[in-house]
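Open the model in your viewer and keep the selection tool at hand. The tour goes from one selection to the next.

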Amino acid sequence: MSDKKNLPFKFSQNDVEITAKFDLYNGFFRFVEYRFRHKLFNGGWSKEIRREVLERGNAGVILPYDQGSVS
């Protein structure tokens, strides 16, 4: 059985690095593109990930998806 004394693993601000942020549209809604990378369980860092975010007021929506499963 695996060692579970380090579980649950919790991410903090230091585990994510925003590498770029671009305003795509700023009208009634706001669309922003974020480029970021995050720490991996093995201790390394992920490749840069690009996501578009719909922001309105004090709320934001992020739709996560696995790019590897898209043809």
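Start with Phe29, which is partly exposed, with a relative accessible area of 34%. This is a predicted model.

Phe28 sits in the loop between E1 and strand E2 (30–38). Its relative accessible area is 60%, so Phe28 counts as exposed, the cut-off being over 50%.

Now look at the two rings together. A search of the whole structure finds 1 aromatic pair. The ring centres of Phe28 and Phe29 are 5.0 Å apart and the planes stand at 85 degrees, so the pair is edge-to-face; that label needs an angle over 60.

Clear the selection and turn to charged side chains. How many salt bridges does a search of the whole structure find? The search finds 6.

Select Glu17 and Arg37. Their closest N and O atoms are 2.6 Å apart, in a salt bridge. Glu17 belongs to strand E1 and Arg37 to strand E2, so the pair ties together parts that are 20 residues apart in sequence.

Move to Arg35 and Glu33, another salt bridge, with the closest N and O atoms 2.7 Å apart. Is Glu33 buried or exposed? Glu33 is buried, at 8%, whereas Arg35 is partly exposed, at 27%.

Finish with Arg50 and Glu52, whose salt bridge has its closest N and O atoms 3.5 Å apart. Then select Asp23, Arg30 and Glu55, which salt bridges with shared partners join into one network.

Key. Residues numbered from 1 in each chain as written. Predicted model: local features only at pLDDT ≥ 70, side-chain atom pairs only at ≥ 80, totals over all residues. Heavy atoms only, no water. Helix = DSSP H or I, 4+ residues; strand = E, 2+ residues; numbered from the N terminus. Buried < 20%, exposed > 50% of the residue type's maximum accessible area, 1.4 Å probe, protein only. Phe/Tyr/Trp six-rings, centres within 6.5 Å; stacked < 30°, edge-to-face > 60°. Salt bridge = Lys/Arg side-chain N within 4 Å of Asp/Glu carboxyl O.
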